[in-house]
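Let's take a friendly walk through this structure, starting with its charged pairs and moving on to its core. Keep the picture in view as you read.

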Amino acid sequence: LEERQKADAGSCVDIVKDVTDNQVQHASLPMLNSLEIAAKDLLAKVFQVRKSKKGVPDSFLCPITQELMTDPVVVVQTGHTYERTAIERWFQNNSSDPKTN
């Protein structure tokens with residue numbers, strides 16, 4: 001998935017660059033240049049966020065949301081840890097632990 005997103009984002013930058021290169025006389029060239037810069041900046045920010053999560057141990061991520069837990073709770077019967085809001089939502093419709101079903 002990450003490689004596809006990287007390719008998609010790279011393709012957007014390439015399309016903008018191609019349009020910019022091929023239509024130098026076009027009146028919207030400044031806008032296209034700005035769009036290319038914005039696309040590159042956004043792509044850099046996406047990869048920065050992804051890298052910041054790579055150093056986080058899996059045990060710090062909620063198995064339901066796959067997000068960093070800020071209010072972790074333990075299911076007493078199984079010992080599994082979840083984000084409080086995620087497991088509360090889960091138990092509204094289920095009666096078993098999501099990991100063990």
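By the rule used here, the count comes to two salt bridges. A salt bridge means a side-chain nitrogen of Lys or Arg within 4 Å of a carboxyl oxygen of Asp or Glu. Side chains of opposite charge can pair when their charged atoms come close.

Before we look at them, a word on the source: this is a predicted model, in which local features need pLDDT of at least 70 and side-chain atom pairs count only at pLDDT 80 or more, while totals for chains, interfaces and linings use all residues. Residues are numbered from 1 along each chain as its sequence is written, and side-chain values use heavy atoms, leaving out hydrogens and water.

| Pair | N to O distance |
|---|---|
| Lys-40 and Glu-36 | 3.4 Å |
| Asp-71 and Arg-84 | 2.7 Å |

Lys-40 and Glu-36 both sit in helix H2, four residues apart, which is about one turn of the helix. Helices here are DSSP runs of H or I with at least four residues, strands are runs of E with at least two, and both are numbered from the N terminus. Are the two partners buried or exposed? Lys-40 is partly exposed, with a relative accessible area of 44%, whereas Glu-36 is buried at 11%. Here buried means under 20% relative accessible area, exposed means over 50%, and partly exposed lies in between (1.4 Å probe, protein chains only).

Now for the other pair: the side chains of Asp-71 and Arg-84 meet in a salt bridge. Asp-71 lies in the loop between H2 and E1 and Arg-84 in helix H3 (residues 84-93), so this pair ties together parts that are 13 residues apart in sequence. Asp-71 is partly exposed at 32%, and Arg-84 is partly exposed at 34%.

**The chain as a whole**

The chain has three helices and two strands, and along the sequence they follow the pattern α-α-β-β-α. Of its 101 residues, 20% count as buried. The chain exposes about 7,600 Å², and carbon and sulfur atoms supply 56% of that area (Shrake-Rupley method, 1.4 Å probe).

Which residues make up the largest nonpolar core? Its seven members are Cys-62, Met-69, Val-73, Val-75, Tyr-82, Ala-86 and Ile-87. A nonpolar core is a set of buried Ala, Val, Leu, Ile, Met, Phe, Trp, Tyr and Cys residues joined through side-chain atoms within 4.5 Å.

Ile-64 is found in the loop between helix H2 (29-54) and strand E1 (72-74). Because its relative accessibility is 33%, Ile-64 counts as partly exposed. Leaving aside residues up to four places away in sequence, Ile-64 touches Tyr-82, Ala-86, Ile-87, Trp-90 and Pro-98, where a contact means heavy atoms within 4.5 Å. Ile-64 and Ala-86 are 22 residues apart in sequence, yet their C-alpha atoms are 6.6 Å apart in space.

**A buried charge**

Our last stop is Asp-97, in the segment after H3. Asp-97 is buried yet has no salt bridge, and the nearest side chain of opposite charge, Lys-99, is 7.0 Å away (Lys and Arg count as positive and Asp and Glu as negative, with His and the chain ends not counted). What does the side chain of Asp-97 reach at 2.7 Å? It is the backbone nitrogen of Lys-99.

How values were computed. A polar contact is a pair of N or O atoms within 3.5 Å; within protein, one must be able to donate a hydrogen and the other to accept it, and residues adjacent in sequence count only if both atoms are side-chain atoms.
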